[in-house]
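Good morning, and thank you for coming. Please look at the sequence and the structure as they come up on the screen.

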Amino acid sequence: MTEAEFIAALRALPLHSGARGLADDAAVLEVGGETLVLTHDAMAEGTHFRSDADLSDVAWKLVATNLSDLAAMGAEPVGVLLSYSLSNEDEQFLKGLHDVLATFDTPILGGDTITGTGPRTFGLTAIGRATSNPVPSRSGAQIGDGIFVTGTLGRAMLGFEGVEEHRSAFDRPTPRLAEGRALAPVVTAMMDISDGLLLDAYRMAQASEATLALDSAAAPVADPARRMDALRWGDDYELLFTLPGAMEPPIAATRIGTVEPRGFATLVLDGEPLVNAEGLGFQHG
């Protein structure tokens, strides 16, 4: 199965209402008068990090990618649960884990440790507290909304390729937690960019049953000569969001398009409809 096929199959299983139909990267639960946001991400050796990667960077990225999902829901972190496979680099992993948890004021709640053979896989569950209700989703974009993105795209791609000034963007991304909290009360839709702007914008269009029209030239990229690569590569962990009409965002962001009344759910790039997700970004399977 592809990733999309597997998720579609999961939707046929009993789902909690807080799962939001598995359309978002996190679940939303009402517990004792509190609104909690829960997410889980995993990282596999050979797919998400090289076999010679510094495990302190792997630990940082494992936490940061989960916190990015909380940021997309406007949540503040409560804590994390770690699934860890013991190795001869445990001290390095613990150092990176300490650094990222301290930087984003996020305590560890527990988890599980195992031993195993073969490629290493690490998992993390992050729990957050919603700061605004309703909690943003990727399914709320409306006709006439402006489409915005935070930061600069393509920095992780260049860092992965060894460009020193952008290396930290790949090894140690920064989740946009403060920006997510500021945006949560005003956005119509929001998600983080993990698999590439084009693919994630396509997913937002599908979830919102709307047409998202993007202007590639407006997108802020680290290397304009490789603009389309930057829009597809992913690992940016910036926020993609929509705002009503002519509203300006309360944080630094760039407008890259408009939600248009074309009558079908898809992505339009520079005037050309993209009819499926093939080739738009990174997909498992």
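Strand β7, residues 189–192, gives the largest share of the lining of the largest cavity, namely 3 residues. Strands here are DSSP runs of E with at least two residues, helices are runs of H or I with at least four, and both are numbered from the N terminus. This is a predicted model, in which local features need pLDDT of at least 70 and side-chain atom pairs count only at pLDDT 80 or more, while totals for chains, interfaces and linings use all residues. Residues are numbered from 1 along each chain as its sequence is written, and side-chain values use heavy atoms, with hydrogens and water left out.

The structure holds 1 cavity of 30 Å³ or more. The volume of the largest cavity is about 40 Å³. Its lining consists of Asp24, Asp25, Asp69, Ala72, Met73, Arg138, Met190, Met191 and Asp192. On a 1 Å grid over the protein atoms alone, a cavity is a set of points where a 1.4 Å probe fits but cannot get out; a pocket is an open set with protein on both sides within 12 Å along at least five of seven lines; lining residues have an atom within 4 Å of a point. Grid points are joined across faces, edges and corners, and a volume is the space filled by probe spheres set on the points. By class, this lining has 4 nonpolar, no polar and 5 charged residues. Ala, Val, Leu, Ile, Met, Phe, Trp, Tyr, Cys and Pro count as nonpolar, Asp, Glu, Lys and Arg as charged, and the others, Gly among them, as polar.

Asp41 lies in strand β2, residues 34–44. Is Asp41 buried, partly exposed or exposed? Asp41 is partly exposed, because its relative accessible area is 25%, where buried means under 20%, exposed over 50% and partly exposed in between, with a 1.4 Å probe and protein chains only.

I turn to the second largest pocket, whose volume is about 180 Å³. Among the residues that line this pocket are Thr152, Arg155, Arg172, Asp235 and Glu238. Helices α4 (155–160) and α5 (167–171) each supply at least two residues of that lining. By class, the pocket lining has 3 nonpolar, 3 polar and 6 charged residues.
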